[in-house]
Amino acid sequence: MVVPTLNEADNIDPLLTRLIALDLAPGSFEIIFVDDGSNDGTPDRIRAWEGRANVRLLERQEKPDLTGSILAGAALARGDVIVVMDADLSHPPEQLPALVAPVLDGSHDVAIGSRYVQGGSTEGWPLHRRWLSRLGGWLASPICDVSDVTSGFFAFRRELATTIAERACGYKILLELLMAGQGKLRVLEVPIRFQDRTHGTSKLSFRHQWTYLQRLMTLAGGTVFVGTPKIFVAIGLVGMAIDALLFLWLMNLGAGLALAHVMSFFAAAAVIYSLNSKWLLQSHHAERLRWSQFGRFLTVSVFFLFMRGGVLAVLVYGWHVSSLLAIFPAIAATAAISYLGFAFYVFPVTQNLPSPDVRWRVASLGIVAFAILLRLIYLGQAQLIPDEAYYWNYTQHMALSFLDHPPMVAWLIWVGTAIAGDNEFGVRIGAFVCGLITMGYLYALARNLYDKTTAMRAILLLAILPFGFVPGMLMTADAPLMAAWAATLYYMERALLADGKWAWLGIGIAFGLGILSKYTLGLLGPAALLFVILDPASRRWLRRPHAYLAAALALLMFSPVIIWNMEHNWVSILFQSQRATGIGNQFSLQWLFLHMLLLLTPVGLVAAAMALWPGGGDQSNPSARRRRLFVRVFTAVPLTAFFWLSLFGAPKFHWTGPVWLALLPAIAWMMGQTNVLRSVAGRVKSAWKPTITVFVFLYAFALHYVVLGIPGIPYIGFGQHYFWREATHEIEQIVGEVQHRTGQKPLVVGMSRWSVASALSFYNKDEKPEWELMDIRSRNLFGDEAAMFDFWYPSEPPTSRPIILVGMKPQELERNRQGDEISPKLVRPGPIQERTIVREGKVLRKIYYRIAQGYLGT
């Protein structure tokens, strides 16, 4: 037993009394106290016991350090098993036999006295100490899989002490021990009742906590600039000063926000890299800095440049802070985050590398965090696309359901805008939350099917593949569908593979919420039935009531849609049935493959095919075969439905998105296999790294591009679906001109199915009283279908009010979808005109309009 001490005189006698009272066999144990310079008589108290028990004292002369003390005691020990415990009686000595037994019998390498497993507890600690302990464990959880990694009461085989890194320090040697094992140690957690000390004072200080964070970062693979903090801070401050001064100078020259922030960022980054390379980083990296490191530095810099652009947009456009002031918090926020990118990716540790599993976990955590933060920053700054504006119009005409979608998307937007206001952030916050829910359920599913590392890789794939990133950013019906799909899969796995009867309740709720989001989730019903038929162990559920009760619960939750359809002659069901028989009535299988390629990326599509291929994957035991059957069935059944539909009509590009959720854990598992380096699977595995980098770059680039722009790159291809805020302001000017000239308020008609009318309605409301809002209709005035606008504005009587037709294309203002001219329904229609919309000297888009002096009716 190794017991480190520092001013614990009052605890020595009670501790040894309780240890001796355990009646352990003489000669089977020794107690080594390692004192770190106590000045309260602790060594004298220990010496008083040396003649009466197998007690020894080692007095260290070095700087006090808990890890150093324990390693010194372990080196002095004669036994094959080391037990570490505190001297303050917070660790119950009576638990020693239970703790040491698993190591003595050879069944485990490490046994931990845990406060956080079932049966464990913490007593007497103030709330802030409990939080600090939990926080320490939570921070280590991505790289370490024990519940109480900050425990100071544990047993281990003595030879393991030699595996701990030479630079190990701090007060949490257990973490050092576990990480040195590279994930290969057999670890058991034994519940204990932890009690706060009654004598003496705690030695925990901010310095200890800071050392813990530094060691945690090093063990995870990041570089900590120990011994050079002043140089590091000085270089950082020089870079920030250059950044801010150059930005202010360029803004005063009229360079524009995007150009000023890009130029100043790269100038500062170049200076910081040069100074770090010369004075700081070479002291931590023996080899010369290579071009590959500069490439990584440039990559990380670009990522955080785009993130800083979003922060600037929030401050300048969202909070209306002067750009001359906004640059300072933007620089500070980005610098704090970018440090982690540089430490882990540009200049990672080169010695005592963490295991491949830990490296995967750290990379997954960093990329997922970046993707989430990127979404959150740009959530309220990127303008709505017409689809989102259309669903926002749902909330202006709330109903039990709608023609083209169930009501969940409307409910989420209504809640979001009620909390955050009628703005882009309020519309999209529901999608953001749904994205986090999807991640949570997918993580749990992948961990149940495989392991924690695979689960983190699955979340990484969800964060970077287009089918996962986009629904977590844009508020469409796919956002809640993805969350409900992931939840349904999780509960299906718990019910069918883990035999959890209460999971059927979760299935009923998740399935009900899913079909309230989009009817597509109903495809998981036939998938579940097929799995139960194919899997002998699951057939018993056909004879039990759980599945039928879950179906009844889902149907009950779906009742608002049923009621709405009953009131409207089942129009939504008929509408979706027509889509199911094919959009366009043409063979479109090639388009389905193209859409899958876009949603999964080429590497992802090949990986998906390999995961579904017969004979591939893990089939090492019956459990693995059932797992593989689960993944295949819940992917193949919905996918087969879409294959069938594409034989007769064109599918929508996003339809198959949620289908891949069931397959992501298998793809993530394949990414971690080490025996495939020379096979096709090995090449796919190697291709993931550039794929991840490219797509993270594309997302960050695209968001920066649409919000702030990219200097020197014009806006191309935005003529129809974006920059509706500026387009609406242009139409408002036209409306004002016509109203001033005629004395009547014009009727504005969006000449697309719903896009134009929806976008104009959303952006026309900005800070305007009701009487100033435009009177907006859709193209159903001219005999075309207009989705829910057919219900909201079913007809319009003839009027002498001026009519302003607005379209994304000139031909929309001439003929309807059937090819009939619309001029006969207008009074004195004018020519088609266009306006070019410009911002900061850059052309954004064009808008087309046509003015008539009245409307003759349908």
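Let me start with His 595, which touches Pro 651, Lys 652 and Phe 653, leaving aside residues up to four places away in sequence. Please bear in mind throughout that this is a predicted model. His 595 counts as buried because its relative accessibility is 11%, and the cut-off for buried is under 20%. His 595 is found in helix H24, and that helix is my next topic.

Helix H24 covers residues 589-612, and helix H25 covers residues 622-646. Their axes come within 13 Å and cross at roughly 165°. That angle makes H24 roughly antiparallel to H25. The crossing in which H24 passes H25 is left-handed. Which residues make the contact? From H24 they are Leu 589, Leu 592, Phe 593, Met 596, Met 610, Ala 611 and Leu 612. From H25 they are Arg 628, Arg 632, Thr 635, Leu 639, Phe 642, Phe 643 and Ser 646. By class, the residues of this contact divide into 10 nonpolar, 2 polar and 2 charged.

I turn now to backbone geometry. Most residues other than glycine have a negative phi. Thr 601, which is not a glycine, has a positive phi of about 70°. Thr 601 lies in H24. Is Thr 601 buried or exposed? With a relative accessible area of 1%, Thr 601 is buried.

His 320 also has a positive phi, near 60°, and is likewise a residue other than glycine. Where does His 320 lie? His 320 is in the loop between helix H10, residues 291-318, and helix H11, residues 323-346. At 65% relative accessibility, His 320 counts as exposed.

Finally, I come to strand S12, residues 803-807. Because 5 of its 5 residues are buried, S12 is largely enclosed by the rest of the structure. In a regular strand the side chains alternate between the two faces of the sheet. Here, Ile 803, Leu 805 and Gly 807 point one way from S12, whereas Ile 804 and Val 806 point the other way.

How is S12 joined to strands S10 and S15? Strand S10, residues 747-750, runs parallel to S12, and 4 bridges join the two. Within that pairing, Val 748 stands opposite Ile 804. Strand S15, residues 842-852, runs antiparallel to S12, with 5 bridges between them. There, Tyr 849 is the bridge partner of Val 806.

Thank you; I would welcome discussion.

How values were computed: Residues numbered from 1 in each chain as written. Predicted model: local features only at pLDDT ≥ 70, side-chain atom pairs only at ≥ 80, totals over all residues. Heavy atoms only, no water. Axes fitted to C-alpha atoms, helices over the stretch in contact; angles between N-to-C directions. Parallel < 35°, antiparallel > 145°, perpendicular 65-115°, else oblique. Left-handed = near helix turned anticlockwise from the far one by under 90°. Contact = heavy atoms within 4.5 Å. Nonpolar A, V, L, I, M, F, W, Y, C, P; charged D, E, K, R; others polar. Buried < 20%, exposed > 50% of the residue type's maximum accessible area, 1.4 Å probe, protein only. Pairing = 2+ DSSP bridges.
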